[in-house]
Amino acid sequence: MRRLFDRIRWSLRGDRDLDEEIRAHLEIEASQLEAEGLTPAAAWAAARRRFGSPTLARENSREVWTFAPLETWLQDVRFALRLLARGPLFTLTAVVSLALGIGAAVAAFSLLDTVLLRPLPVTDPQQLVLLRWVSGARGDLLAESINGWLGLDGDGQRTSTSFSCSAYKDLAEHQSSLTGLIAFAEIPDLLVGTGAEADVSTGQYVSGSYFQALGLRPAAGRLLDPADDRRDVQAVAVISYAGWRSRFGGSPSAIGARVLLNRVPVTIVGVMPRAFRGCLQIGSDPEFTNGRGGGLGPGHGPRPDGRGEPPGESRVVRGEADRSLDADCWNVRPRRPGAGRGLPAGAPRIEG
Amino acid sequence: MSDEERLTLLQGTLDMLILRTLRWGPAHGQAIARFIQDTSGDALLVEHGSLYPALQRLQQKRWIVAEWGASDNNRRAKYYRLTPAGRRQLAREHSNWERLVEAIGRIMHPAAQDKP
């Protein structure tokens, strides 16, 4: 430590000190030689000759004090960079491989982090269940009307987590085994107009029960409630925390501000909690969350997401959902002449 | 004495000579070089390119300390002074040196050692 301090002190004024010391040396030597009988010019020349190279003395003295290993290391770095610059193709290959490798590792870890290590920032996330239906034998016909995720389950039957609005409404009114039922759907492209500017962002539609059932509290203003589901109310939206910061600088004046969402005038009534980014796909971060009221209504399939007893009780939910789906399908049938009786034997299953 | 006739200092001996010179009291670089040259009968020429690094090295080991002072002709010069640790080091190097000279002497003059 003391040595480090010495070195710093030397690097601050060592060079200047040494220069003065060498000058003094030469002058004293010259004056002595002069006293011994040399002419001033000859004395000075002899002094210089005896001293040898002042630069060498300075360099050698420097080395004693300064961070020689660090300087050598810097030289190595410079040399390496020069070599890399000389072989641009090799450098490119190396850099790209490193970037891909690091990128893949980071992506894999952030996915694992989101899925496994970080539960949804809502109250009691372990109580949430996601409903999906599984088609009967001829369910492929039904699939035509599905928006959103649609896949095959293990038995080769069509399955999806998208439900019609009427199925959702019916289930919400008649179910009793869940403490709350919510629905949400992504709006992949949302044209946002603020004053003279417009840009494309993302959003989601949610049922009015959404925020209450998830137990979320607003960062500012208010969140949506079941009253926002009604068609005759003013269209309102909740903005994400990130959107609040970037569009309004986190200002309270954002509450009550009017924006155009897909050309519909909407009033912002509140800000979502900072940690919450909805429960759509991993990585999605909807900026605006709209209710279904006020003419903003969704075109299609919100996803019902139940809150209630853990999967062990799923049989009850299942029965209720079956009834709702059956009722829905019977309602729909007259408008879809091609859909035969008994077609959509939908039986939503509960996924933990 | 011409430069060719002068002896080259053995590695490491310069440090000892500097410490020895400073036993007489504080001195600046030029005086140290002059003293070694004159006392050796002009046989040793201290390379100044190695004198100053040696002075830095000795300071770093805390065997000598430096401070600015005025020279005989009122020139500002840096004076080096022996520390107690430097004094101990000098004693050590001195005895090492004598053992070295004796050992080399035995090899170079075997006959001289045979005498009782």
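1. Polar contacts between the chains. Across the interface of chain A and chain B, eight residue pairs are in polar contact, both residues at pLDDT 80 or more. A polar contact here is a pair of N or O atoms within 3.5 Å; within protein, one must be able to donate a hydrogen and the other to accept it, and residues adjacent in sequence count only if both atoms are side-chain atoms. Helix 1 (2–35), helix 2 (40–51) and helix 3 (54–65) of chain A each supply at least two residues of the side that touches chain B; helices (H or I, at least four residues) and strands (E, at least two) are DSSP runs, numbered from the N terminus. Helix 1 of chain A gives the largest share, 18 residues.

2. A word on the model. This is a predicted model, where local features need pLDDT of at least 70 and side-chain atom pairs count only at pLDDT 80 or more, while totals for chains, interfaces and linings use all residues. Residues are numbered from 1 along each chain as its sequence is written, chains are lettered from A and ligands numbered from 1 in the order in which they are written, and side-chain values use heavy atoms, with hydrogens and water left out.

3. Salt bridges. The interface of chain A and chain B holds three salt bridges (a side-chain nitrogen of Lys or Arg within 4 Å of a carboxyl oxygen of Asp or Glu). One of them joins B:R76 to A:E20, with the closest N and O atoms 2.9 Å apart.

4. Extent of the interface. Chain A brings 26 residues to the contact and chain B 24, contact meaning heavy atoms within 4.5 Å. About 2500 Å² is buried between the two chains, 47% of it from carbon and sulfur atoms; this is the accessible area (1.4 Å probe) that two parts lose on being put together, summed over both. In chain A, A:E21, A:I28 and A:R50 lose the most area to chain B, together 24% of what that side buries.

5. Strands in chain A. Do take a look at strand 7 (residues 236–239) of chain A: A:V236 and A:V238 on one side and A:A237 and A:I239 on the other are all buried (under 20% relative accessible area, 1.4 Å probe, protein chains only). A:I239 stands opposite A:V271 in strand 9, and A:V238 has A:T289 of strand 10 as its bridge partner.

Methods
Buried < 20%, exposed > 50% of the residue type's maximum accessible area, 1.4 Å probe, protein only. Pairing = 2+ DSSP bridges.
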